[in-house]
Amino acid sequence: MLPDDVIYLDGNSLGPLPKATKTRVLEVLEREWGHSLIRSWTDHGWIDLQFRVGEKIGRLIGAPAGTTVVADSTSVNLFKLLAAALHMRPGRAVILTEEGNFPTDLYVAQGLTALLQRGHVLRQTADVMSKLDDTVAVLMLTHANYRSGAMHDMAALTRAAHAAGALVLWDLSHSAGAVPLRLDADGVDFAVGCGYKYLNGGPGAPAFLFVAKHLQDDLRLPLTGWLGHAAPFAFESSYRPAAGVARAVVGTPPILSLAALETGVDIALEAPIAAVRAKSLRLAELFIALTEQEGGFRLLTPRQPAARGSQVAFAHPDGYAIMQAMIERGVIGDFRAPDVLRFGLAPLYVRYVDVWDAVAVVRDVMRGEAWRDARYQQRRSVT
Ligand SMILES: Cc1ncc(COP(=O)(O)O)c(C=O)c1O
């Protein structure tokens with residue numbers, strides 16, 4: 001459901017509301033919560049919902065059954081899995097990551113190393129390949145960069161990390177539902193990702209996490225909550241981990257948000273991901289070619305199709321004001337400091353004509369210098 005007067009190019013930040021989600025959430029409110037009340041945990045399958053949606057997301061990311069579950073936020077899942085990874089590599093002190101990774105990934109790693117006080121360090125580098133050595137416990141990367149839209153070669157980096165004896169944790173926030181993923185085939189150890197971007201799960205949708213089958217029995221997590229216990233309803237006084245990925249669950253899941261996420265994921269599963277990817281690349285080609293005709297924008301996204309996710313980013317010194325002027329004219333993208341205009345091209349609902357019309361607005365804003373208006377200069381709290 002998109003308003004008629006909007007071209008929405010921000011599904012890489014918050015996916016739009018699917019029509020089916022409105023119906024489904026109302027049903028959960030009225031029939032399940034409203035009528036069945038607490039009986040819904042069993043009668044309407046609430047207790048299994050995060051596993052059911054996790055399995056469905058697993059199908060989107062190339063993960064086998066029993067490896068993916070929905071829980072918590074991406075930030076919290078990062079904390080949990082990063083801690084587990086460090087525990088699996090005693091004697092190695094480094095969490096290796098890329099410069100320019102999403103801040104939460106960096107901050108969570110910094111918080112964890114400070115908490116552990118065991119000499120771990122977060123190392124940020126422009127060239128992770130050359131820094132993979134026997135000090136690295138875990139390589140933590142975001143598959144598609146939130147700012148530039150550049151996408152890593154997951155298979156090659158995972159192989160290189162393993163050759164150095166390190167584990168790999170991928171943040172799939174900008175990939176899940178947007179690009180083909182083969183976590184199992186690529187030998188990935190751990191992954192996390194957002195539910196509210198290309199999965200269209202709604203604002204603050206719960207996140208997902210993936211743990212490779214062969215690592216699950218050794219998974220020691222720092223947050224050991226009652227729903228990750230082997231027998232939650234035995235109410236024992238000591239923690240015993242649940243079998244498999246279920247131990248990564250901490251507390252009671254947000255059922256309304258899970259129901260919304262499931263609908264978004266169901267829609268994503270209907271579209272063959274190869275077709276989604278092909279359309280995404282063609283949308284990007286068109287968008288880049290037309291926008292570059294305007295001049296003044298510096299493309300940050302790689303030109304090589306295989307090296308980009310599903311967003312296009314341009315740098316412009318007046319990027320903030322330009323984006324504000326575009327938003328006021330109905331073309332919604334977003335801005336990331338210091339100078340980046342981001343445009344999410346979510347193929348499930350962005351059409352070629354939208355790209356054409358969006359660039360007409362770019363042209364209008366640039367040629368008429370509309371962005372110079374004083375009201376576009378004032379920074380809002382969310383950009
Ligand atoms: C790469 C990446 N990781 C994580 C997040 C957000 O994590 P959380 O949902 O915990 O706020 C984002 C949000 O944009 C992101 O781009």
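These legends go with a set of close-up views of a predicted model.

**View 1**
The ligand has 14 residues around it, and S75, D171, H174, Y196 and K197 are the ones that come nearest. Sorted by class, this shell holds four nonpolar, seven polar and three charged residues.

**View 1. Zoom in on the polar atoms facing the ligand.**
Start with Y196: one of its polar side-chain atoms sits 2.7 Å from an oxygen atom of the ligand. For H174, the distance from a side-chain N or O atom to a ligand oxygen is 2.8 Å. How much of the ligand does the protein bury? On its own, the ligand would expose 390 Å², and the protein buries 84% of that. Two elements, α4 (74-88) and α5 (103-116), each give two or more residues to the shell around the ligand.

**View 2. The seven-stranded sheet.**
Follow the strands across this open sheet and you'll read β2-β8-β7-β6-β5-β3-β4, with mixed pairing. Which strands sit at the edges? They're β2 (68-70) and β4 (121-125), and each of them pairs on one side only. Going from one strand to the next, the twist averages 20 degrees.

To pick out a bridge, look for L96 and its partner L139 in β5. Helix α3 (residues 46-61) packs on the sheet, where it touches β2 and β8 (208-211), and its direction makes about 130 degrees with that of β2. Helix α5 packs on the sheet as well, touching β3, β4, β5 and β6 (167-171). The direction of α5 makes about 150 degrees with that of β4.

**View 3. The four-stranded sheet.**
This open sheet runs in the order β9-β10-β13-β12, and its pairing is antiparallel. Its edge strands, β9 (298-299) and β12 (334-336), each pair on one side only. Between β9 and β10 (residues 311-315) there are two bridges. Spot R298 and you can find its bridge partner in β10, A315.

**View 4. Helices alongside the four strands.**
Helix α8 (residues 273-292) packs on this sheet and touches β9, β10 and β13 (340-344). Its direction makes about 20 degrees with that of β10. Helix α9 (residues 319-328) lies across β12 and β13, and runs at about 40 degrees to β13.

Terms used
Residues numbered from 1 in each chain as written. Predicted model: local features only at pLDDT ≥ 70, side-chain atom pairs only at ≥ 80, totals over all residues. Heavy atoms only, no water. Near = heavy atom within 4 Å. Polar contact = N/O pair within 3.5 Å; in protein donor to acceptor, adjacent residues only side chain to side chain. Areas by Shrake-Rupley, 256 points an atom, 1.4 Å probe, with all protein chains shown as cover. Nonpolar A, V, L, I, M, F, W, Y, C, P; charged D, E, K, R; others polar. Pairing = 2+ DSSP bridges. Contact = heavy atoms within 4.5 Å. Axes fitted to C-alpha atoms, helices over the stretch in contact; angles between N-to-C directions.
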